[in-house]
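Please find below some notes for a first reading. They take up a few strands, a sheet and a surface patch in turn.

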Amino acid sequence: MELSPFPIGIVCLKSQQILFKNELLAPFFGINSSQAFDKIIPDFYTQPALWTQLVNKLKSGDLINNCAVEVKKTNGDTFKTQISAKVVNYEDKLAALFIFMNSTEHLKTQQESFLLTNSGQQITDPINFRHSQPNLVDVNSSIVKITGNPSTQTVEKISILQESQVDLRLMERAIAASSNGIILTDPNQPDNPIIYVNPAFELITGYCASEVVGRNCRFLQGNDPEQVALQELRSAIQEQRECHVILRNYRKDNVPFWHELYLAPVFDNSGYLTNFIGIQTDITHHLEALKALQKQEEQYRRIVQTATEGIWVLDKDNRTTFVNQQMATMLGYTIEEMLGATLFSFMDSEGLEIANAYLLRRHQGIHEAHDFKFRCQDGSDLWAIISCAPLLDDQGNYAGALGMVTNITDRKLAEAALQESKQRLDGILSSLEDVIWSISADTFETLYLNPAALKVYGYSVSELFDNSNLWFEVIHPEDQQLVYAAIQPLFLTDKQELEYRIVRPDGQVRWLLNRSHLIYNACGQPIRIDGIATDITERKLLEEKLVHNAFYDALTGLPNRILFIDRLEQAIAQMKRNPDDLFAVLFLDLDRFKVVNDSLGHLVGDQLLVTLAQRLQQCLQPGDTVARLGGDEFTILLSHIQTIEDATCIAEHIHQALKSPFNLCGYEVFMTASIGIALSTNKYAQPADLLRDADTALYRAKEQSQTGHIVFDTTMYHRAVTLLQLETDLRWAIERQELCLYYQPIICMKTGRITGFEALVRWQHPKRGLISPAEFIPIAEETGLIIPIGHWVLTESCQQLRQWQLQFPAIKPLTINVNLSGKQFSQPHLIEQISQILQDTSLNPSNLKLEITETAIIASPEKATSVLKQLKAFGLQLCIDDFGTGYSSLAYLHNFPIDVLKIDRSFINRIDSDTEQFAIVRAIVTLADNLGMSVVAEGVETIDQLVQLKLLQCQKAQGYLFSKPLDQEQARILLASEQSFFST
């Protein structure tokens, strides 16, 4: 542009700022080099409004060609000129390229002469300038296009000069002096080789001219030929058009660098493409600096926005110009609400005078920190520490203030409450039942003791103060070593909880929980030990009575029914709050599990259940729950599912997990399972409803063994039909006397002889053979047929026992245990029915023992108490069946007239190998003995189990070790043999 023969300027259309000008522009308006010249103003024209019209025309996208205007120099002289202009993009600003041509012949001749001197430049037609230094070819091309063609004589001279090597050397010197890398290629040769590079190119790339001339530029791309910008560059070369791209190239030393490349085609006068010229600017350092600046700005922004302190900036008029989010949050405003508001609008009248005094000190340039009280939007007070600094302008004048605000409201409130708290402390400590104490860390001298010491230790506060050794003298002799050994670890851990016994002066032994905490001074030296001693005697006694785990299954370690129902209740409650939180319940039952028990024994069956529990847990996600309800029944709660497909996918996963064989005590067993699935809906209000529907789907799945799992459908017609058929068969079984009783002996642990039998019902189906009660009793319970079945079992058992008593009068006592179902137990005429049966069979009521489950009793404790007392009044003996597997009924035992606790076989089968199971059984035996009850151990299968039970002084036992259940004749033969199962 410096070579142009015309005054040229690039002017921002928004601010009128001159973005670029050549050396001819200032003299054109009569401005010398000592004067500032950075704007073109309307006063340069004799008609100032004309300048505004020109600018508006350019903004609308129109060109201005040879517009005649009268221009006024700074000295007042006027002259006529022609203006040509077009819109350009310069430094990413909307600008216009202006060319001014003086109408005087002298200047015109001068301009033509200048044009002849510099006419060796190739002409193009650039539209946008995106760099602060547009290239010579671009500007001169625009000038030629805007100003029109020179005279014929001039063109002839230009043609002659283009052939001159003198002007070419002049151009090369100008290009060589450029700080931008310049490349010239020949598109008319194969592969568009480089024919010229300037020294700046050599400096930027590290290649010398001899190394690059004759090569295509792609060698600069290294191993990065797929840049998006390269696609644009290739398209521009193919289409013979200009382009501007940013590329990453590689120096000779393989160091990458970024540069801006301006590419323009060069055409001769005939419009024939002769060359491509590229101008490159190394912007590597610029990009690195920009990236570093952006990173630093982001860090500062993050620091300001995440700071725990409030940041507040005021201008000189005390108006808010900036606050961070923390400051706005402290006061309960949004940032937008605070901006522009004065400092005084955030304080009450009390704070105005104080604020003005502090602001005066800011004007004096004083930095300081002080406490201050603000008024929040909700009217509450905000106490804060403000660290203030004045802000000064370039002339050192006060321009505002910067404050760092720390919320100390809690501290102020704490200080205000501290005195009141101190006054209350002694009263509180005196009223506590726990002993609060403090002793010296080095001498163990008593420093503080509240009055509760007398009640707990039996010694007065003064006695404990006077005798520092009394603290240790009261410790139970068996626990003194424990307490002494705990002193040194306290100094390592700083705090400690210790349970031990003390002996009061009256000889009473009490349990204490002592919580100690080591206190240090400012130098880090321990100065005292503070603690709380709590009498936990009652809790210890309660723990000793707790003989079973309330929430987990003893065999598998899984949650039991109680815990599962609790979590199910939580899921139902959550769904009521948020209906989108779906969940599902899976009810799982092993297929043909009874075959394993009957063929391989219950020990193997139990091992199978434990292994199954482990596999089920591996199939679930965190947050899901799998529980064992009893036997081989498991339930699964799938939390937070999206669709029913999520539940069926888990069911498929379980089926896959069960395909691997179970290795059990040397046996390889394959098992399958049936799964019923119930999806949560708003209709469910009780966990029992979900379990019921999942169980319904389970039975449907059992019928369709090929599917493995079924989703509950309220329209399960086929399920209803099946239930009806089973009910029909069972009703015929009662009518046709297909039911029969088997009797399992109950053995006295002292003599080894039979003291009675447990009556167990079986179904001799005409087609299916002997059916276990586990298969048809649930159906009988569901259909209500359990009532007539139970009545028949009770009648038949009493008759049989009476018959044996007459046959074997020497065997005394001889009793019969009959299971009473929950539905039987809740029947209104139960008492009358039992009375009638005893009367009909002439059986002594004391020879009849009714077995009732914990579940049947706990379902309605008040009603159960009434019924049990009436039964007891007959002289019957009452047993709790499967004790420890159902609800936690310890709290009710002393309220019920129970004679016998039957320990469930799940506790017995590992009594010889599991110390925890042994402890539980021992606790049950001890509990029963204390409550005046006898104990029967169920499921005794090994000699080791028998030995352990005898050691625990368990009174009676039954199980396969002695005899499996026998039919009537087999039982009679066993009685006749007068067999003793072990020697005493």
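1. A term is needed at the outset: two strands count as paired if DSSP finds at least two bridges between them. In that sense, Leu901 has Val935 as its bridge partner in S35. The model is a predicted one, and the points below should be read accordingly.

2. Strand S34 covers residues 900–903. On one side S34 is joined by bridges to strand S35 (residues 934–937); there are 4 bridges, and the two strands run parallel. S34 also pairs with strand S33 (residues 877–883), again in the parallel sense, over 3 bridges. Leu901 is the bridge partner of Ile880 in that pairing.

3. Are the residues of S34 buried or exposed? Val900 and Lys902 on one side are buried, and so are Leu901 and Ile903 on the other, which leaves both faces of the strand covered.

4. Elsewhere, 5 strands make up an open sheet with antiparallel pairing, in the order S2-S1-S5-S4-S3. Strand S2 (18–21) and strand S3 (64–72) are at the edges with a single partner strand each, so one side of each has no neighbour in the sheet. On average, neighbouring strands of this sheet are turned by 30° against each other, direction ignored.

5. Helix H2 (residues 48–59) packs on this sheet and touches S3, strand S4 (78–90) and S5. The direction of H2 makes about 160° with that of S3.

6. Strand S5 (residues 93–102) pairs with strand S1 (residues 8–12) in the antiparallel sense over 5 bridges. Ile8 has Ile99 as its bridge partner in S5, and Cys12 stands opposite Ala95 in S5. S5 is mostly covered, with 8 of its 10 residues buried.

7. S5 also pairs with S4, in the antiparallel sense and over 10 bridges.

8. Which residues make the nonpolar surface patch of about 290 Å²? The patch is made by Ile943, Val947 and Leu951. Val947 lies in helix H35 (residues 943–951).

Definitions and conventions. Residues are numbered from 1 along each chain as its sequence is written. This is a predicted model: local features need pLDDT of at least 70, side-chain atom pairs count only at pLDDT 80 or more; totals for chains, interfaces and linings use all residues. Side-chain values use heavy atoms; hydrogens and water are left out. Buried means under 20% relative accessible area, exposed over 50%, partly exposed in between (1.4 Å probe, protein chains only). Patches are made of residues with over 30% relative accessible area and no salt bridge: like charges are joined within 9 Å, nonpolar side chains (Val, Leu, Ile, Met, Phe, Trp, Tyr) within 5 Å. Accessible areas come from the Shrake-Rupley method with a 1.4 Å probe; for residues, only the protein chains shown count as cover. A salt bridge is a side-chain nitrogen of Lys or Arg within 4 Å of a carboxyl oxygen of Asp or Glu. Axes are lines fitted to C-alpha atoms, for helices over the stretch in contact, and angles run from 0 to 180 degrees between N-to-C directions. Contact means heavy atoms within 4.5 Å.
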